[in-house]
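Dear colleague,

I am handing over the structure below. My notes on helix packing follow it.

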Amino acid sequence: MPVPVFLIAMPWALPLRPSIQTGILKSHLDRVFGDSVETSCLSAFLAIPGVVAGTDYKRFVYHTQGYGEHPYMLAFHHRFGLPGVTLSDARQTRFLADLKSQAMINITPAGSPSLETIRTLDAATIAVLERDLIPKLSRERLNIVGFTLNYDQSYASLFAARYL
C-alpha cells in the first residue's frame, strides 16, 4: 500500500503567481519512489480567499496582500498562543507597535490587519484544511505532509501544520 504524501502551498504575497515547488517535488517523488508513494498537491493560494470572499476573492487578496504574513502570524498567536500574546484589540495593537518599534515588521500605511480579518482568515484556513486535506489523511498508516515556505508563507504553513 503506497504511503500518502501531501504537498501543500499555503497563501503568500503573490497569490496569482503560484509556486511550482509542489509540482516539481511531486514529479521527483513519483519518479524516484514510483508506486510506493501516492503524491497529491493542494494549492491553498486561492482556495482560502475563495472561502473568505467567494467569487470576490480578488478583492480580498488585494486588500490583504500588503500585510504579508502578519495576519497569519497573529492568527497563529491567537489560536495556538504564545506567552504574553493574545488577540484582543488592545493587545494586538500593542504587540504590533512593539514589533514595529523594534524594526521587526513593516506595517502598511493602512495600519494593522483588523481583528475581523484575522478571525476570518483563521476560519477559512481551517475550513479548507477540513474540506480538502483532512478527509484524505489515513488513520491506519503514515501520512507525510509538506509545506512550501516561499515569501510570506512561513506563518501560514506553521498555522496549518500546527492545526493538523
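**Helix packing around H7**

H4 crosses H7 with left-handed geometry. This is a predicted model, and the values here are computed from it.

Helix H4 covers residues 70-80, and its packing angle with H7 is about 25 degrees, at an axis separation of 8 Å. Angles under 35 degrees count as roughly parallel, so H4 is roughly parallel to H7. On the H4 side, the contact is formed by Tyr72, Met73, Ala75, Phe76, Arg79 and Phe80. H7 contributes Tyr155, Ala156, Leu158, Phe159, Arg162 and Tyr163. By class, the contact of H4 with H7 comprises 10 nonpolar, no polar and two charged residues.

H7, which spans residues 154-163, also packs with helix H6, residues 115-132. For this pair the angle is about 55 degrees and the axes lie 11 Å apart. H6 is therefore oblique to H7. The crossing of these two helices is right-handed.

From H6, the residues in contact are Asp122, Thr125, Ile126, Leu129 and Glu130. They meet Phe159, Ala160 and Tyr163 of H7. Five nonpolar residues, one polar residue and two charged residues make up the contact of H6 with H7.

On H7, Phe159 and Tyr163 are listed in the contact with H4 and also in the contact with H6.

Regards

How values were computed: Residues are numbered from 1 along each chain as its sequence is written. This is a predicted model: local features need pLDDT of at least 70, side-chain atom pairs count only at pLDDT 80 or more; totals for chains, interfaces and linings use all residues. Side-chain values use heavy atoms; hydrogens and water are left out. Axes are lines fitted to C-alpha atoms, for helices over the stretch in contact, and angles run from 0 to 180 degrees between N-to-C directions. Helices (H or I, at least four residues) and strands (E, at least two) are DSSP runs, numbered from the N terminus. Angles under 35 degrees count as roughly parallel, over 145 as roughly antiparallel, 65 to 115 as roughly perpendicular and the rest as oblique. A crossing is left-handed if the near helix is turned anticlockwise from the far one by less than a right angle, and right-handed if clockwise. Contact means heavy atoms within 4.5 Å. Ala, Val, Leu, Ile, Met, Phe, Trp, Tyr, Cys and Pro count as nonpolar, Asp, Glu, Lys and Arg as charged, and the others, Gly among them, as polar.
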